[in-house]
Amino acid sequence: MNFDYESLLKKAMEKIPKNKENKKRFQIPQINSQIEGNKTSIRNFLEISSKIRRNPSQLSKYFAKEFAVPVSIKGNTLILQKKNSRETLQNKFEDYIKNFVYCKVCNEPDTILDKEDRILFIKCDACGAKTATKKI
Ligand SMILES: [Zn+2]
């Protein structure tokens, strides 16, 4: 039997859809945090907000609500009035991305949040879908 492995491999590679490669482009930003006394600072807060295309004050409200503590933004940093490990913050942040960033229809992260008649919608730039989401 004549078996040309290389040309079979090449054919298989060509069959991989292009948008699978696009999905790999988005990487979940990593939180850079530090505990200072009884507070925790997220030092790259503005950067992680812009990577997921969210307003920093909107994202800060989410952290305030999830941890039930006051928060404040100072320069590039979000300060939480509570000690939290980086892992805890990262997990909450990834929950936010799952619930408020990824499109519910096509699963792309190219979305914006929009409030209409007190309902929060995720609007997708990739497929045009508009889906209601829970309140922050
Ligand atoms: Zn979509």
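The legends below describe close-up views of a predicted model.

**Figure 1. Overall arrangement of the protein chain.** The protein chain contains five helices and seven strands. Their order along the sequence is α-α-β-β-α-α-β-β-α-β-β-β. Of the 136 residues in the protein chain, 15% count as buried. Among contacts between residues at least 6 apart in sequence, 39% join residues at least 24 apart.

**Figure 2. The four-stranded sheet E1-E2-E4-E3.** Four strands make up this open sheet, in the order E1-E2-E4-E3, with antiparallel pairing. Strand E1 (33-36) and E3 are at the edges; each has a single partner strand, so one side of each is left without a neighbour in the sheet. On average, neighbouring strands of this sheet are turned by 25° against each other, direction ignored. Strand E2 (residues 39-42) pairs with E4 in the antiparallel sense over three bridges. Opposite Ile79 of E4 stands Ser41. Strands of a sheet pair through backbone hydrogen bonds, either parallel or antiparallel.

Figure 3. Strand E3 (71-74) is joined to strand E4 (77-80) by four bridges, and the two run antiparallel. Within this pairing, Ile73 has Leu78 of E4 as its bridge partner, while Lys74 stands opposite Thr77 in E4. Two residues lie between the strands of the hairpin, and Gly75 takes a positive phi near 65° there.

**Figure 4. The two faces of strand E4.** In a regular strand the side chains alternate between the two faces of the sheet. The covered face of E4 carries Leu78 and Leu80, whereas Thr77 and Ile79 belong to the uncovered one. Residues of both faces take part in the pairing: Leu78 is the bridge partner of Ile73, and Ile79 has Ser41 opposite. Helix H4 lies across E3 and E4 and runs at about 150° to E3.

**Figure 5. Helix H4 and its buried side.** The end C-alpha atoms of H4 are 16 Å apart, which agrees with the 16 Å that its twelve residues should span at 1.5 Å a residue. Buried residues in H4 are Leu59, Ser60 and Phe63. These residues lie on the same side of H4, because they cover an arc of only 105° around the axis. Ser57 and Lys65, on the other side of H4, are exposed. The cover over the buried residues of H4 includes H3, E3, E4 and helix H5 (86-100). E3 and E4 are also the strands across which H4 lies.

Figure 6. Arg53 is located in the loop between helix H3 (45-51) and helix H4 (56-67). Although Arg53 is not a glycine, its phi is positive, at about 55°. Arg53 counts as partly exposed because it has 13 C-beta neighbours inside 10 Å, and the exposed class ends at 12 or fewer.

Figure 7. With 7 other C-beta atoms within 10 Å, Ala68 is exposed.

**Figure 8. The three-stranded sheet E5-E6-E7.** Three strands form this open sheet in the order E5-E6-E7, and their pairing is antiparallel. Strand E5 (111-116) and strand E7 (130-133) are the edge strands, each pairing on one side only. Neighbouring strands of this sheet are turned by 35° against each other on average, direction ignored. E5 and strand E6 (residues 119-124) run antiparallel and are joined by six bridges. Asp114 has Phe121 as its bridge partner in E6.

How values were computed. Residues numbered from 1 in each chain as written. Predicted model: local features only at pLDDT ≥ 70, side-chain atom pairs only at ≥ 80, totals over all residues. Buried ≥ 20, exposed ≤ 12 C-beta atoms within 10 Å, placed from the backbone. Pairing = 2+ DSSP bridges. Axes fitted to C-alpha atoms, helices over the stretch in contact; angles between N-to-C directions. Contact = placed C-beta atoms within 7 Å. Expected span 1.5 Å × (residues − 1). Arc of directions from axis to C-beta.
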